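Me: I would like to learn how to read a protein structure, feature by feature, with the general idea before each particular case. Could you take me through this one?

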Amino acid sequence: GVTSIKDSSSNNHNFYMATTGSDHFYSDLHLSQYGTNVVIYPAYNFYTYVDGNLTISCTTNGVQFGAVAGTLMFVGSANSTINFTSGTPIIKRLTIGKTAGNLLLSSKVNISTSLVLSQGNIISTATYYLCMLDNATVSSASDNSFVDGPVKKIGNDAFVFPLGNDSIEKYLPLHISAPSSTTEEFVARYYYHGTPDSTSLD
């Protein structure tokens, strides 16, 4: 069933997850943080695997994934959603490794270190898009795993936008050279309009 973790304490302390081994949540995971000077650290040093939907309610930076060396990884054989009902969690490392289904964004998601696209797509929208922060990297994108929807890149790094289209199951990357400033922002998206009509006008 659904796993709900809530920390609303008024004391100054932190809650750590996946410190000495990985955590695996086979259904939905709900994280709530409202305490004063309290931070929840999922995927602290190892993987936090999520098969279902991830819902987070927190203050700014109140939930931080992958603070040391850990990774948030979506797995399983059905669609998952990621939704932040309040706050802006930090996700350092995100991996998509689903045997079937995709990850649907219901909130804007910032990645600060790395995104690994192994299996399954990320579905984003103009409102709920994927944002790769300065120095963040993308690897392993292919026809089996890409982003269908907008991707924003911030920073002065050369970058390959991991774009594609879920309906044709095709990876269609877009390369940019290194911009001059760490505050530069670029947004890219692939639009598929189908096969042009080849009917003769004669």
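Reply: Let us begin with pairing: two strands pair if DSSP finds at least two bridges between them, and strands themselves (E, at least two residues) are DSSP runs, as are helices (H or I, at least four residues), numbered from the N terminus. In strand β7, for example, the residue S57 is the bridge partner of S32. Please keep in mind that this is a predicted model, in which local features need pLDDT of at least 70 and side-chain atom pairs count only at pLDDT 80 or more, while totals for chains, interfaces and linings use all residues. Residues are numbered from 1 along each chain as its sequence is written, and side-chain values use heavy atoms, with hydrogens and water left out.

Me: How many helices and strands does the protein have?

Reply: There are zero helices and 23 strands in the protein. The radius of gyration, which is taken over C-alpha atoms, can be set against the globule rule of 2.2 Å times the number of residues to the power 0.38. Here the radius of gyration is 18 Å, close to the 17 Å that the rule gives for 202 residues, so the protein is as compact as a globular protein of that length. Along the principal axes, the C-alpha atoms fill a box of roughly 80 × 45 × 25 Å.

Me: In what order do the strands of the open sheet lie, and which are the edge strands?

Reply: In general, strands of a sheet pair through backbone hydrogen bonds, either parallel or antiparallel. In this structure an open sheet of seven strands, with parallel pairing, has the order β1-β4-β7-β10-β12-β14-β17. Its edge strands are β1 (3-7) and β17 (147-148), each of which pairs on one side only.

Me: Is L31 buried or exposed, and which residues is it in contact with?

Reply: L31, whose place is in strand β4, is buried, with a relative accessible area of 1%. Contact means heavy atoms within 4.5 Å, and, leaving aside neighbours within four places in sequence, L31 is in contact with I5, M17, P42, L54, T55, I56, S57, V63 and F65. For the protein as a whole, residues 24 or more positions apart account for 52% of the contacts with a separation of 6 or more.

Me: What can I say about L104 in the same way?

Reply: L104 belongs to strand β12 and counts as partly exposed, at 28% relative accessibility. Not counting residues up to four places away in sequence, L104 touches N79, S80, T81, I82 and I123. The C-alpha atoms of L104 and T125, which are 21 residues apart along the chain, are separated by 9.2 Å.

Me: What is there to notice about the phi of A18 and of A43?

Reply: As a general rule, most residues other than glycine have a negative phi, and most peptide bonds are trans. A18, although it is not a glycine, has a positive phi of about 60°; this residue is found in the loop between β2 (13-16) and β3 (23-25) and is buried, with a relative accessible area of 6%. A43, also not a glycine, has a positive phi of about 50°, lies in the loop between β5 (38-41) and β6 (47-50), and is buried at a relative accessible area of 0%.

How values were computed. Buried < 20%, exposed > 50% of the residue type's maximum accessible area, 1.4 Å probe, protein only.
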